[in-house]
Each structure stands twice: as structure tokens, then as C-alpha cells.
Amino acid sequence: MKAAPFTYHRPGKLEEALDILSRVAGQDGRIIAGGQSLVPMMALRLAQPAHLVDINEIASLRGTGVERQTLVIRALARHADFHQPALTGPLGPLLATVAQNIAHYPIRQRGTFCGSLAHADPASEWCLAAVTLGGTVIARRRGGAREIPAGEFIQGPLTTTLEPDEMISAVHLPVPDQTGRFGFYEFNRRAGDFAPAMSLVTFTVQDETVTQVRLGVGGAEETPRRLSQVEEALNNKPLTDAQIRMASELAASLITPLEDALIPQDYRRQIVKTAVRRALEAAQGSRHGQ
Amino acid sequence: MTPNNSVLGASVSRLEDHGLLTGQSRFIDDLQLPGTLSAAFVRSPYGHALINGVNTEAACQVPGVVAVYTLTDLQPWLTDTRMATGLPSNSFRLDVNPRVLAADEVVYVGEPIAVVIAASRYAAEDAADLVEVDCEPLEVVADCRAALLADSPGAHRKLSHNLVAAFDFDYGHVEDAFRQADVIINESFRLHRGGAHSIEGRGAVASHDPVTGKLTLWTSTQRPHGVKRVICDLLGCNDDSVRVVAPQIGGGFGPKLVCYPEEVVVAVCGKLLQQPVKWTQDRYEYFLSTTQERDQYWDVEIAVDNDAMIKGVRGALLHDHGAYTARGLNVPYASGVALPLAYNIPAYHLDVYAVLTNKVPVTPVRGAGQPQGVFVMERLLDRVAAGLSLDRAEVRRRNLVRKEQMPCRKSLKLRGGTEVILDSGDYPATQELALEHAGWAAFGERQQAALEQGRHIGIGLANFVEGTGRGPYETVTVRINPSGNILVATGATAMGQSTQTMLAQIVAGQLGGDLSLVSVNCGDTDATPLGFGGFNSRQTVVAGASAHAAARAVRDKVFRLASRRLEAAERDLEINGHNVFVKDMPDRKLTFAQLARAASGLPGFKLPVAESGPGLEATESVVIDDMVYSNGSAVAEVEVDIDTGQVDIHRFLIVHDCGRMINPALVEGQVAGGIAHGIGNALFEWMGFDDNAQPVTTTFADYLLVSADKMPALELFHRESASPFNELGVKGVGESGCLPTPAAIVAAIEDALKPFDVKLNQAPLTPAVLWGLIRPAPGISAPEHWRSPGIDTAAYRKGVLL
């Protein structure tokens with residue numbers, strides 16, 4: 001479990017990093033930020049990049065900020081940066097709740113939000129959050145940048161639309177309505193494991209009915225996604241227990257569950273049902289609230 | 001200074017702690033001799049394949065590579081290409097000793113084929129990737145049940161069948177018992193255990209001294225003397241030219257008790273290259289190449305009368321042996337012995353079939369087959385209780401071996417032919433105490449109340465008796481040095497279980513009670529030429545007995561000498577710390593240093609005490625043939641989330657009796673560790689293989705150990721029934737925690753799921769399995785390994801090559 005040989009670069013400026021990346025992109029050059037997924041894969045020699053471009057010295061990529069109703073999550077923002085609410089309003093506690101479910105404490109000190117998106121593991125909490133909340137990925141290459149909606153960015157398990165000479169410099173999340181509510185639930189056999197299913201839901205309550213429902217499911221399929229049929233079925237109605245039950249059953253029926261040696265499809269479907277129900281209950285402020 | 005009378009039986013802090021807490025302890029990977037080279041192994045990617053050729057050319061070109069060896073290269077230095085590491089048994093039908101390196105056939109994924117020696121492990125792995133092995137895949141034996149059918153391929157190409165051994169347990173009138181029974185209950189069980197997963201994997205450093213010609217092998221082993229025997233025999237060396245040392249060991253838990261191919265290869269390479277060679281196993285290699293315990297399939301029935309009194313138990317056990325015989329038949333043997341130990345069972349018959357598969361060999365993992373035997377017995381008793389509408393505890397109460405039966409001769413023999421005699425303990429009282437602490441009688445009401453809130457809680461009980469203290473002996477030398485310190489040297493081997501502290505407490509108990517004077521040298525074949533090492537919860541019993549005897553012999557010498565020097569009767573002398581003094585006259589004293597110097601003698605002068613011989617030293621090897629039996633009762637309380645199948649353990653308590661305790665804190669540590677392992681076996685640990693015997697769980701992301709958030713706060717209670725079979729009254733404790741744990745937890749889950757009428761006959765139980773059992777969805781079938789077992793022994797008997 002020793003990595004194959006690679007050349008290590010540690011630029012101090014973003015431009016420099018992009019410059020190096022443009023040169024090494026053809027030799028499986030990779031950006032490394034937290035390295036919490038990449039390094040184990042290198043140790044197992046499942047990944048053998050010839051070049052690693054370490055961006056940890058680049059001060060302009062650190063942390064988060066709010067710019068014009070948008071939360072800017074820069075490339076070096078660690079999972080642990082969300083332990084305390086990163087901003088006022090519901091988004092801060094939402095991201096704090098999600099962050100607590102990511103792996104373990106030491107991993108959260110190193111791993112990054114943007115790195116999770118670039119890695120695009122189906123069980124990534126941040127991928128689900130970015131897709132559900134309508135996030136935008138800022139992909140930068142030497143001399144240019146493009147904006148990609150998170151839902152389009154993630155193509156499949158460990159597959160994104162990022163080009164080899166591009167890096168994620170930031171992810172933008174729209175700051176929701178201050179009265180918004182949210183619920184998140186993921187099922188794990190042990191704290192910190194890859195979750196077989198998770199669900200994130202946000203909505204606004206007006207006159208006892210819920211509106212602007214966003215409901216995403218992660219971990220269960222090849223990519224996280226919003227379930228628009230479920231959202232429509234919930235929108236503009238009171239969130240009753242019957243509605244919650246209906247929504248969770250509908251969600252379970254809509255997904256195409258992943259299958260592996262440990263988790264049969266029908267079981268994963270059941271976990272989706274439970275996760276959606278408990279996320280909605282959490283949002284409703286009922287007993288499974290987190 | 002600790003007074004004499006309190007050091008034995010006290011929870012003193014450990015001798016080992018200082019080195020561990022200050023980072024001074026040296027594990028294998030910390031040993032860095034000048035010029036050390038690194039080894040990496042090329043391993044089989046197939047469960048079963050022919051090797052048509054190995055091309056090492058490209059690997060040899062990698063910068064930093066010193067050598068790449070296959071068996072052909074090493075063979076001239078070896079007396080044999082196979083390793084005889086197993087215990088003998090008349091039950092073997094096939095001779096399948098492991099190979100030093102595979103040359104023409106590989107029989108499990110991970111079997112070593114070649115070794116690369118390089119300046120660094122990085123370079124060695126780079127080169128290992130470039131070794132080309134021309135393999136031709138053969139039919140694979142992936143399931144020990146299918147392996148016994150007449151049309152099964154052989155796990156080894158030249159074998160016509162896979163029944164590596166068959167034997168039985170048989171006593172009493174089994175046929176009569178079943179004929180006369182009021183109730184017969186028949187069940188099948190599928191029990192799986194994974195690996196041991198010590199935090200430190202295996203590893204070895206070999207260094208050959210060209211001046212003395214001596215080869216030293218430091219290796220992460222539970223049995224340095226066993227490794228030395230294999231190395232001497234295979235390298236054709238005499239015993240004086242090989243030294244094997246187990247340095248600080250980061251856990252053993254069973255698999256480190258056999259000598260492995262890598263240890264032999266590293267030793268040969270060290271000698272061949274005349275440079276130190278180090279191999280440190282990584283976790284991936286651990287999953288592939290370190291022995292495991294894996295699968296057992298039981299098909300058993302129990303006969304009882306209408307009062308739930310057991311008349312007999314009979315059945316069959318299929319045991320996955322793996323691809324080679326690495327240790328012998330001790331795991332299925334221990335399973336068969338463990339089943340009837342705690343209860344009065346007048347008749348017992350168990351047919352045991354050990355079956356070859358194309359998987360890494362099976363050897364003991366903490367518990368060594370006993371948890372499976374306990375599981376089967378305890379589940380059968382729960383079925384009897386259900387069948388007769390009796391309380392589960394009551395059924396056990398009626399059948400447990402009683403105090404007045406002790407010592408209780410069971411109609412069973414140990415693998416070496418000695419009889420099984422339960423030495424001491426009050427099993428019913430142990431159970432009663434557990435029930436009382438658990439609030440067993442009142443649980444039904446709590447369960448009902450929870451159910452009314454939609455919560456499913458349950459409680460389970462399991463009793464166990466564990467055979468400990470495997471003989472025949474362990475040598476211990478105790479010496480008071482002229483500098484005044486006390487050295488203890490022993491063949492016992494420490495792998496994290498505080499063996500040094502345990503022995504130091506026993507020795508200090510005789511010699512002044514100051515632990516700071518005592519140092520313990522474990523696991524060095526030069527310090528103690530004869531020895532067995534650490535396994536079978538044995539060292540406190542056997543090494544403890546020798547330490548006690550040796551320390552007493554030294555104490556006698558101390559008193560004899562001091563009595564003359566202080567002009568006082570021996571009976572008037574006392575030892576406190578390093579001072580030997582006349583009772584009530586602390587100024588009339590001599591120190592250990594003064595006495596040891598005097599006892600060493602002076603040139604031309606007579607020894608001060610001729611009959612004591614020179615020095616203050618004694619070596620004892622107390623021979624103990626009979627094992628001693630620890631016992632206990634565990635109660636688990638769980639809640640099952642019926643929407644996910646997730647199990648939360650709310651309470652876990654155990655009442656435990658390992659005789660007299662040398663150090664209660666260490667006992668608790670051992671019991672707690674065993675329970676953690678048992679929880680893993682009940683709920684998490686699954687070593688998965690696919691149909692080609694490819695391991696599918698080779699990282700800790702796939703192979704789940706119990707984690708901190710899944711460990712309940714443990715409630716540990718002790719009883720101390722001194723063993724009459726050794727002078728200290730002690731019994732072993734290293735494995736006992738994992739014996740009742742899966743049985744108690746699974747019983748509790750079954751109890752929680754009473755409304756669903758679920759029968760749980762397997763472990764581990766994952767949430768997916770449980771949910772599948774609670775809610776069998778029409779038209780959707782779970783994969784085979786999720787289903788409740790239902791093996792048909794009769795079918796096997798027909799197809800079996802018996």
C-alpha cells in the first residue's frame with residue numbers, strides 16, 4: 001500500500017497551479033486538496049497520477065464567503081469549516097448538520113467540499129447538498145472559467161464533466177429564504193460509513209402549506225438527484241403524516257437503486273423510503289429532527 | 001512501595017505503559033538496522049490457478065531493486081518447499097501443508113509467489129507490480145458445502161476430494177436419548193467469523209551476523225519458539241544458530257500463532273543477501289494472507305423431556321478449513337467441545353467435517369471456534385424454551401452444571417487426549433447474578449410498554465464455559481541480579497495482553513512487592529530456549545504457575561542466605577521492596593543487591609549457602625496437563641429499528657468468573673476487548689468472497705469492525721471461584737468475552753422481533769438481513785447469503801466422500 005511514483009507540485013498561486021495543471025493534464029495530473037479519497041486510492045494503486053498539484057498553499061482558495069445572496073465555498077474549505085454555521089439563516093445549520101455526517105472528525109479536518117464534488121462518490125453528502133440546493137460549480141482552467149450546475153456536473157459514480165486541465169476553484173450555493181426549513185437524514189451502520197441512502201429536503205411554510213420544496217436523494221443511485229415528482233406532490237399542500245408517507249413511498253418507487261454484495265436493491269429502496277420520511281419529519285420538526 | 005500482600009490481585013498500572021505512552025516501545029516496523037532492505041510479495045490474483053511461468057526481468061530493472069526471488073531461486077537454501085506448521089491428528093485424510101512460495105499452482109488469492117527485495121518498500125512494490133506471472137485459472141472451490149459434493153473440483157489440482165479431515169464426538173446413548181425424548185428440536189446454523197485484525201499486522205526483520213553465523217528474526221508472532229522450529233528445520237540450521245524474538249506486538253488474537261511463508265522467506269533472504277531484510281505487512285495484505293476463521297454450517301438437534309431436561313444433542317458440523325493446514329483441526333475441535341460444556345448433556349454425537357476451499361487457511365481467531373459452539377447450544381436452548389413455553393433462563397437453570405458437581409468430569413477429551421474436567425465455578429449462581437443485574441424478570445413489562453410506542457426492544461441470555469490454560473508448561477526463570485533488580489525471562493509471549501505485568505505481579509508477590517524492580521523478558525528464544533507462547537488463554541495459568549514456583553524458589557534462597565547473614569531464623573524474616581529484614585527490626589536488613597552479590601560468590605571462597613548453589617536464580621517449568629475452565633453469563637438488551645434493520649445495543653452485561661484475578665483491571669480489559677470482538681461477530685464482521693473465491697472485503701470500509709459509536713457501556717461483574725488445579729487458583733481470560741456475545745445479542749434481537757416470529761440462526765446479522773427477514777417483499781429475493789440457512793446434512797452425507 002505504497003503509492004506509485006509521482007511528481008509533486010506545490011504552487012503558491014492559483015494561476016501557477018492552473019499553469020502546471022495545463023502542462024500535466026495529459027499525464028493524469030491531479031489536484032490534491034484534502035486528499036482523503038485520493039490518497040487511499042493512490043495507496044491501493046487504484047489511482048496512479050504521474051503528477052500531483054497540491055493547492056494547500058494558495059491562500060485565495062481558503063474558506064467560505066457570502067457574496068450577493070450566494071455562499072461561495074472555495075476549493076480549500078474543509079468539511080470542518082461547516083461544523084459551526086458558515087452563515088446566518090437556515091443554510092448555515094443545514095450545512096452543519098450535513099457536515100456532521102461526513103466520515104469522521106479527523107477526515108473532516110482535511111477533506112474539502114469542492115474535493116468531494118470533484119470525486120463524485122455516489123455516497124457523498126456534499127454532492128447531494130450541492131445538487132439539491134441548486135449549487136453551481138466554478139471550473140477554472142488556465143485563462144478561463146465556466147459555471148456548471150451541480151446536477152449537470154456530476155455524471156456518474158466518480159465521473160464529472162470536469163476536464164483534465166480544469167480544477168474546481170469554488171462551488172456557489174444560493175442562500176435560501178430566511179424562513180426556509182430543512183431536514184436531512186442518512187442511514188449508516190456505523191457513524192461515518194458510506195451511506196446506502198440519504199435524503200435532504202428544504203421548503204418554506206406559508207399558511208400551513210409547504211412551498212418551494214426541494215427533495216434530493218443521495219447514496220442510493222449512481223448520482224444524487226432531486227426527485228421532482230415528489231417535490232410536486234408535496235408542494236402547496238400541508239405536510240401531513242399522510243403526505244410524508246406518500247412522499248417516501250413515491251421516492252422509493254422512483255429510484256433505480258445501486259446493488260452490491262452487501263446491499264440488495266430492495267433493501268436500499270427501503271432505506272430510501274426511511275431516509276426520505278425521516279428527512280421530512282426532521283424538517284417538520286418532529287421526533288427524528290437533527 | 002507496594003506492600004507484599006497487595007500486589008497480587010491489585011489493579012496496579014502496567015509495566016508496559018511507560019514504553020507505549022512515551023513511544024519507546026519497538027514494534028516490527030520500528031526496528032531499523034543499518035542497511036535494512038524492504039521486501040514486498042507478489043501474490044496470487046486467482047483463487048486457483050496453474051502457474052506456467054514467472055518473469056522477473058522487468059522487475060529486476062527497477063531502480064533500487066536488489067533481488068527478485070521465486071521458489072526456484074530459494075530452493076537450494078531450503079530443506080523442503082512445504083512448511084509443517086500444523087498440529088498432528090489421526091483425523092487427517094489429506095496432507096496439505098502450506099508452501100514456502102507457490103511454484104506450479106496457487107490455491108488462494110494472496111498466496112505468495114515471489115518476493116522483491118529493494119532499498120525501500122516503495123521500490124519493492126513498484127517492482128512487484130512488474131513481475132509477470134503466467135497463470136492459467138482452474139476451477140475454484142469457493143464454498144465448503146459445495147466442496148463436499150461428489151462433482152466438486154479439488155481445491156488442489158491433484159486432490160480428488162476436499163474432505164481434509166473427519167472426526168466425531170460421541171458419548172452416551174444418543175439413539176436412546178432421541179427415541180425416548182418428549183420433544184426434539186432440529187435447527188441449522190450458519191456461522192461466520194472473519195479475521196482477527198490486530199492493529200499491527202504481521203511483519204518480520206531478519207539479520208544475519210556473518211561473524212557469529214547467527215540469524216536473528218524479529219517477528220510479530222505469538223509463538224517465537226514455533227517459528228524458530230520451522231526456520232531451523234527449513235533452513236537446515238542447528239538451534240544455536242537461529243534466534244527468534246517477538247518484540248512489542250500490536251495484537252495477535254490468534255492468527256499470529258502459526259509460522260507463515262513470509263517469515264521463512266524473509267529469514268532466507270536475510271541470510272542470502274547478508275543484509276537485514278524487513279517485511280511489514282500492510283492491511284490489504286493482512287486481508288489477503290493472514291489466516292481467518294470464516295464459515296461453519298451446523299445441522300443439529302436436541303432431545304429434551306417435557307420438563308426441558310436435556311437428553312441428548314446430535315448433529316453435524318461442516319467447517320471451512322481453507323486451502324492449507326496451517327494449524328490443524330483445533331478450531332472445529334474446540335467448537336465441538338464448547339457446545340456441551342456448560343450443561344449436563346447425557347448423550348452427544350457430533351460429526352465434524354473439515355473441508356478444503358480455495359481461501360486463505362483457517363486458524364483460530366480469539367475464541368477459536370468456541371463462540372460457534374456456544375451459539376449453537378444457546379440458540380437450541382432458546383428454541384426449547386419457546387417450544388415448551390418456558391422462560392429461557394429457567395430452561396438453562398435446570399440444565400446447567402451445578403456447583404456440587406465440581407470438579408465435574410465431562411465425557412469429552414481434549415485434542416491431546418486428556419480429559420475435560422470442569423474444575424470449579426457455580427454456573428447457576430453466575431446466571432442468577434446476571435439476571436438480577438439485568439432486571440430479567442421485569443423486562444417483559446418494559447418490552448410491552450416499548451411495543452406500545454412502536455419500539456422493538458429485546459433481551460437475550462447466553463452462558464459459556466471456556467477451556468483455558470492449555471499445557472503442558474511454560475518455562476519461567478526468575479533471577480535477582482547483583483544490581484538488585486529482578487529479571488523474569490519466559491517463553492510466554494506478550495502481544496498486548498499485559499503478560500509482563502501479570503508475571504511481574506506474581507513474582508513480586510513473593511519477592512517484596514515492588515513492581516519497579518521487576519523487568520520481564522518475553523518471547524526471546526535465546527533467553528528461554530523452550531517455550532510455547534501466547535494462545536488459548538493460557539499464559540496466566542501455565543506461565544503464571546512457573547513464575548510463582550520460580551519466585552518462591554528464589555525467595556527460599558534469599559531467606560536461607562539472609563538468615564545466615566542476619567543471624568535470624570528464616571521464619572523471622574520478611575521482604576519489603578528490595579530489603580530483607582528481621583521482623584519488627586527494620587534496621588537488621590540486607591538488600592537484594594547485597595544478597596545477590598554474596599550469592600554470586602568470591603574466587604577461592606566457599607559459596608555462602610552451598611546447598612542453594614550460586615546466584616539467586618531459579619527456573620521452573622510447572623507441568624499442567626488439565627485445562628481450567630472459566631465461565632460466565634452474558635445478557636444483552638437491544639432495540640431493532642424495523643424500518644432499517646439497524647440494531648442498537650442498549651445494554652450489555654456479563655458476570656464473569658476466571659478464578660482468582662491477578663489484576664482485575666487487566667481482566668476487565670480482556671473481557672471488554674473480547675466483547676467488542678463478539679459484537680463485531682454478531683453484527684458487523686463479514687469476510688466476503690465471491691464465487692471465484694475472490695475476497696470482496698479487503699479494506700476497513702468494506703469489512704466493518706465494531707466502532708466506538710456501536711459499543712455500549714459495558715457492565716462487568718466478577719465472581720472468583722479459585723481453580724483447585726493450580727496453586728494460584730487462576731484461569732485464563734483472554735478469549736472469554738467473545739464466547740457468549742454473539743449468542744446473547746442474536747437472542748436479544750430475536751426477542752425484539754417476536755411480533756414478526758423471526759428465527760435467527762446465523763451470525764453476523766446485518767441490517768439488510770434483518771429487514772429481509774422482517775419484511776419479505778413478494779417477488780424480490782435476497783441474495784443467497786442473506787437468507788436464513790437451511791443446510792441439508794443428509795444430502796451432504798449422500799454426496800460426501802466419507
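In chain B, strands β9 and β10 (residues 214-219) pair in the antiparallel sense over 6 bridges. Strands here are DSSP runs of E with at least two residues, and helices are runs of H or I with at least four residues, numbered from the N terminus. Two strands pair if DSSP finds at least two bridges between them. This is a predicted model: local features need pLDDT of at least 70, side-chain atom pairs count only at pLDDT 80 or more, and totals for chains, interfaces and linings use all residues. Residues are numbered from 1 along each chain as its sequence is written, chains are lettered from A and ligands numbered from 1 in the order in which they are written, and side-chain values use heavy atoms, without hydrogens and water.

Stay with the β9-β10 hairpin of chain B. B:His208 stands opposite B:Leu215 in β10(B). The hairpin has 4 residues between its strands, and B:Gly213 takes a positive phi near 75°. β9(B) also pairs with strand β12 (residues 277-280) of chain B, antiparallel over 4 bridges. There, B:Gly203 faces B:Thr280. Strand β9 (residues 203-209) of chain B is mostly covered, with 6 of its 7 residues buried. Buried means under 20% relative accessible area, exposed over 50%, and partly exposed in between (1.4 Å probe, protein chains only).

Another sheet in chain B is open. Its 3 strands run in the order β4-β2-β6, with antiparallel pairing. The edge strands are β4 (105-106) and β6 (132-137), each pairing on one side only. Strand β2 (residues 49-55) of chain B is joined to β6(B) by 6 bridges. B:Leu50 has B:Glu136 as its bridge partner in β6(B).

Now the interior. A nonpolar core is a set of buried Ala, Val, Leu, Ile, Met, Phe, Trp, Tyr and Cys residues joined through side-chain atoms within 4.5 Å. The largest has 112 residues; B:Ile302, B:Ile745 and B:Ile749 have the most contacts inside it. Helix α11 (residues 370-388) of chain B gives the largest share, 9 residues. This core lies between domain 2 (31-138 + 196-289) and domain 3 (296-469 + 626-786) of chain B, because both give residues to it. The domain bounds come from an automatic or database assignment. Beyond four places in sequence, B:Ile745 is in contact (heavy atoms within 4.5 Å) with residues including B:Ile649, B:Phe652 and B:Leu683. Apart from this core lies another, of 55 residues, among them B:Ala492 and B:Ala598.

Last, the cysteines. The structure holds 0 disulfides over all chains, a disulfide being a pair of cysteine sulfur atoms within 2.5 Å. The sulfur of A:Cys114 is 11 Å from the closest cysteine sulfur, in A:Cys127, too far for a bond. A:Cys114 counts as buried, at 3% relative accessibility.
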